[in-house]
Amino acid sequence: MQQELFIYNTLSRSKEKFEPITKGMVGLYVCGPTVYSDVHLGNCRTFISFDLIYRYLLHLGFKVRYVRNVTDAGHLEGDRDEGDDKFAKKAKLEQLEPMEIVQKYTVGFRDVMREFNALPPSIEPTATGHICEQIEMIKEIIEKGYAYEVNGTVYFDVEKYNKEFSYGQLTNRKLEELLEGTRELSGQDEKRGRLDFALWIQAKPETLMKWPSPWGWGFPGWHIECSAMSSKYLGETFDIHGGGMDLQATHHTNEIAQSQACNHKAPVNYWMHTNMLTVNGVRMSKSAGNGFLPGELFTGDHPLLEKGYSPMSVRFFMMQTHYRSTLDFSNEALQASEKGYARLMNAVKTLESLKTASTSTSNITELKQKCYEAMNDDFNAPILVANLFEGARIINSVNDGKETITVDDLQLLKTIMHDFVFDVLGLKAENANAAHDKALQGVMEVILEIRKEAKAKKDFATSDKLRDELAKNKITIKDTKDGVNWSIEE
Ligand code: AMP
Ligand code: ZN
């Protein structure tokens, strides 16, 4: 089936029919995490939204080169051109090398993404691995006349750029408006214009991560890494660039300026921005103190959480709101998602044992069409979910003997449910007995404690009885020097 996909483009502020530059091959770049601390659930929302987008493009049969960078250098406090490097600050705090910080949080980020069943990108380039490319790009911007150096720091000249291009195009703002919202320069400032931003920053004696450059020892500004890496792997103009909407006004605006200054053409055809995860209406962030970690969410170990929620119920919770709408966290919403997720998974299981008839009471072809229509309308996952619930309703009705389905329709329904639940929404079956496992773990701890006390009192009759009774139930216990291990015979 030929599908026409429409994407909301931040740049044109409208939904546009998706036409890739190269037929069948899509270039997708998403700004990745800054790996100086753990990602919170808000960050995860953005990456899971793009996982859905990536998955649907793959489902439509596109080959996708999905590049998601890792920011492991050059990120200053407050995202300005001054202040401490976040990596160095954390390295000092934790008494580690900056690259140990990078390694620790990169590994942590990948583990979390795996828990959420997010597909790994095709390339995960790092800022530190692309210093040469960034220096080359800065040299080119200087040569073309859009940047200048002061005392080993290179600044992008926004006002000069704006004479030929529109600097505020992504947020639809005029330069004058942007200037109004920026503080006046003081005598201490090196830069010429209020909106000028650093491409390269001179190292201070205490700077830990620094590299030699034509302007002396220093490190790249934050925005240049994405321009350098996206053009290296996807070309001077590529299809889709995404990130959270908080990146639009500065990071992405500056990315466009840098690339356009070099190549005199727009770097991206479709800009996509995801909306924020909020808690009681406040954006989740590290600084607001409302940013709980995925691990805390899974265990329930956070004051905001009434209990733990499994990765798939959280993923499903995210799928039930469109990526361009805010998503407010609440225990009630997550508990509803837990139930909804279980309902879908049970329906998929029931599909396998449905009996067929000579007629169908529901229109399965229409259901399939509605699933595609939802996703083709700017990846409208909540509408897709509503249609999958309709699929689940039909399955349960047929199972209860209230409705009938033909062999062909059953096959089609299986395809719809598998394609959209697993491949597109990226859900997977979780251990349905997670709650039982937790309970068993608790019971075993109690039994082993009683056994320990019995042994301490030299009551070997009791301790042996406990071991033998457990063995009868296929649970083996082993005394080791580190304590008692137990396992279940398969
Ligand atoms: P960072 O590691 O801070 O650079 O953020 C990584 C990504 O998470 C960026 O695309 C941000 O826009 C996004 N992000 C940060 N906070 C939130 C939030 N509360 N909800 C959704 N996305 C967020
Ligand atoms: Zn970026």
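**Close-up views of a predicted model**

The centres of domain 2 and domain 3 sit 40 Å apart, taken over C-alpha atoms. This is a predicted model, in which local features need pLDDT of at least 70, side-chain atom pairs count only at pLDDT 80 or more, and totals for chains, interfaces and linings use all residues. Residues are numbered from 1 along each chain as its sequence is written, chains are lettered from A and ligands numbered from 1 in the order in which they are written, and side-chain values use heavy atoms, with hydrogens and water left out.

**View 1. How the chain is divided.** Here we have domain 1 (19-274), domain 2 (278-424) and domain 3 (435-488). These bounds come from an automatic or database domain assignment.

View 2. Cysteine 226 belongs to helix α7 (residues 222-234) and histidine 251 to helix α8 (residues 248-263), 25 residues apart. Helices (H or I, at least four residues) and strands (E, at least two) are DSSP runs, numbered from the N terminus. Both cysteine 226 and histidine 251 are buried, meaning under 20% relative accessible area, with exposed over 50% and partly exposed in between (1.4 Å probe, protein chains only).

**View 3. Strand β3 and its partners.** Of the 6 residues in β3 (residues 25-30), 5 are buried. β3 runs parallel to strand β4 (residues 63-68), joined by 6 bridges, and leucine 28 stands opposite tyrosine 66 in β4. On to strand β9 (residues 238-244): β3 pairs with β9 in the parallel sense over 3 bridges, and tyrosine 29 has histidine 241 as its bridge partner in β9. Two strands pair if DSSP finds at least two bridges between them.

**View 4. The largest nonpolar core.** Among its 78 residues, Leu41, Leu388 and Phe420 touch the most other members. Such a core is a set of buried Ala, Val, Leu, Ile, Met, Phe, Trp, Tyr and Cys residues joined through side-chain atoms within 4.5 Å. Helix α1 supplies the largest share of this core, 10 residues, and domain 1 and domain 2 each give at least three residues. Another core, of 39 residues, lies apart from it and includes Leu179 and Trp271.
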